[in-house]
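Please read these points with the sequence and the model side by side.

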Amino acid sequence: MADFFLNVGYLLAAVLFIFGLKGLTHPRTAVRGNLLGACGMLLAVGITLTDQHIVSFQVILVGLVVGATIGAVLAIKIQMTAMPELVALFNGFGGIASALVAGAALIESTSGSQLPTTQLTVATAASGLIGAVTFWGSLVAFGKLRGLINENAILFSGQQLLNAALGAIALAISAGVVIDPANGILYWLLVLVASVLGILLVIPIGGADMPVVVALLNSYSGLAAAATGFVLTNNVLIITGSLVGASGLILTQIMCKAMNRSLTNVLFGVLAPTEGGPTADQVYTGRVKSATPEEVALLFDAARRVVIVPGYGMAVSQAQHPVANLAALLKERGIQVEYAIHPVAGRMPGHMNVLLAEADVPYEDLKDMDEINPTMDQVDVALVIGANDVVNPLARTDPSSPIAGMPIIDVDKAKTVVIIKRSLSPGFAGIPNPLFALDNALMLFGDGKKMVLDIIAALKET
Amino acid sequence: METLIASITIFVLAIFVGFEIITKIPPTLHTPLMSGSNAISGITLVGAILSAGTQQTLITTVLGFLAVVFATINVVGGFMVTNRMLEMFKKKS
């Protein structure tokens, strides 16, 4: 009977998670959705604590308090610009927790006289493998996003061969865990190999590809939980894990599509400038015009419709508040202002939206690429701040370019494009951007935040 | 064997439910969706609590304790940071 109530409670929790996730799909219902999810979690934890097999609550309580404190401090202290690395870190923690639980379950199941079922051993191996890859992969992603390790792709010869070999070894050890579950070392050997694999898989993925990796690791953390559900034959873990796995996978797909690259290409391919493309000198020499903040302010003053295109550079220079102030100022003068958000702008899906929301920009002003592009030729001034590859017209015109076919925001079609950028250095794809040399383009060289503040100052004087 | 089939059925159906719910998320909410779903994936905490509480051996208790800590960071941090982000989205509308 106790089991019955336990399972009904878990089912209720799973239903709450489903409604919670559904709520997260619309800004109006999102806060409630998140709360529903939290309620589901509270319920699941609460009924688990009534489980009669628990002999002592001390260890649990200490763990809960320590974890909750760390989690709460991280959640409150973190700056919005640092959100990608925090999400990566949390993904990793979920993954390692699943791997640890599966490891403990394996030891418990082999301590008795009965042999563990094949379901348990297979699931344990899967949980250990996915969990460890998620944990270490996420730590590397965290380090890269935080700037602790080189953000660029780190490549060495034989990398893919090594990864393939490690993958094969991991699978072989997994088979070992299934055949001989009583051998206590095999599982931890598997975790070790998977850890190395996790590091090596994320090391070669650089900066602008991070949104895909973060989304994929999100999916993995769900799958690890689902695998642990199979270990414990616990339905709420299976349901929840697969929900999250599916959600992460969809995000991964959306990110890949936004770069016109396959997942395999993002994970294993190298985005390198192709031979024979125009050099920076050929593209830029004698054609690039630079402007002062005052000149840009005059342009804005005469404009009726302005579109702001933010990129990772806006996050780096923490320019979201000045950008929002600029937009508000322009709106006060009757100018229509919108933001055009490229799906992979920034370092995580939706990165720009979060930053702009922090700066109080109404979400109705944020437009998708597909929504804004058809009307781009009616825009008087497009202001690009800290974006490069996502506005590079080569994606449309040069089939041999590494970014060929990637959907871009067509700022080149606006009457005037103002690009705030520190220098003419290339973006992540490593190729020059002919946009900067167009007749209707003006470069505003300098730090994003400072330049926007200068434009605001100049606008206030006119 | 029967439980395995039942578990797999649940797994497959839940994946479909996941795809159905999440296919039409607006890009605006991609980040909160990710951190929110991430918090939910901390459900592994349930398993961690059982490992830490049943105290079958010292090593499983230690593993369980560590898992409780990691999963709770994931759950509490995830829900709180998602809430913080979503409040920012809400306050203007």
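1. At what angle do the axes of helix H8 and helix H9 of chain A cross, and within what distance do they come? The axes of H8 (residues 210–232) and H9 (residues 235–258) of chain A cross at roughly 160 degrees and come within 7 Å, axes being lines fitted to C-alpha atoms over the stretch in contact, with angles from 0 to 180 degrees between N-to-C directions. H8(A) is therefore roughly antiparallel to H9(A), a term for angles over 145 degrees. Helices here are DSSP runs (H or I, at least four residues), and strands are runs of E of at least two, numbered from the N terminus.

2. This is a predicted model, in which local features need pLDDT of at least 70 and side-chain atom pairs count only at pLDDT 80 or more, while totals for chains, interfaces and linings use all residues. Residues are numbered from 1 along each chain as its sequence is written, and chains are lettered from A and ligands numbered from 1 in the order in which they are written.

3. Turning to the two chains, 98 residues of chain A are in contact with 79 residues of chain B, contact meaning that C-beta atoms, placed from the backbone, lie within 7 Å. On the side of chain A that touches chain B, the largest share, 18 residues, comes from H4(A).

4. A:Ala345 sits in the loop between strand E2 (336–341) and H15 of chain A, and A:Ala345 counts as buried because 31 C-beta neighbours lie inside 10 Å, the cut-off for buried being 20 or more other C-beta atoms within 10 Å. Beyond four places away in sequence, A:Ala345 touches residues including A:Pro310, A:His351 and A:Val390.

Methods
Parallel < 35°, antiparallel > 145°, perpendicular 65-115°, else oblique. Buried ≥ 20, exposed ≤ 12 C-beta atoms within 10 Å, placed from the backbone.
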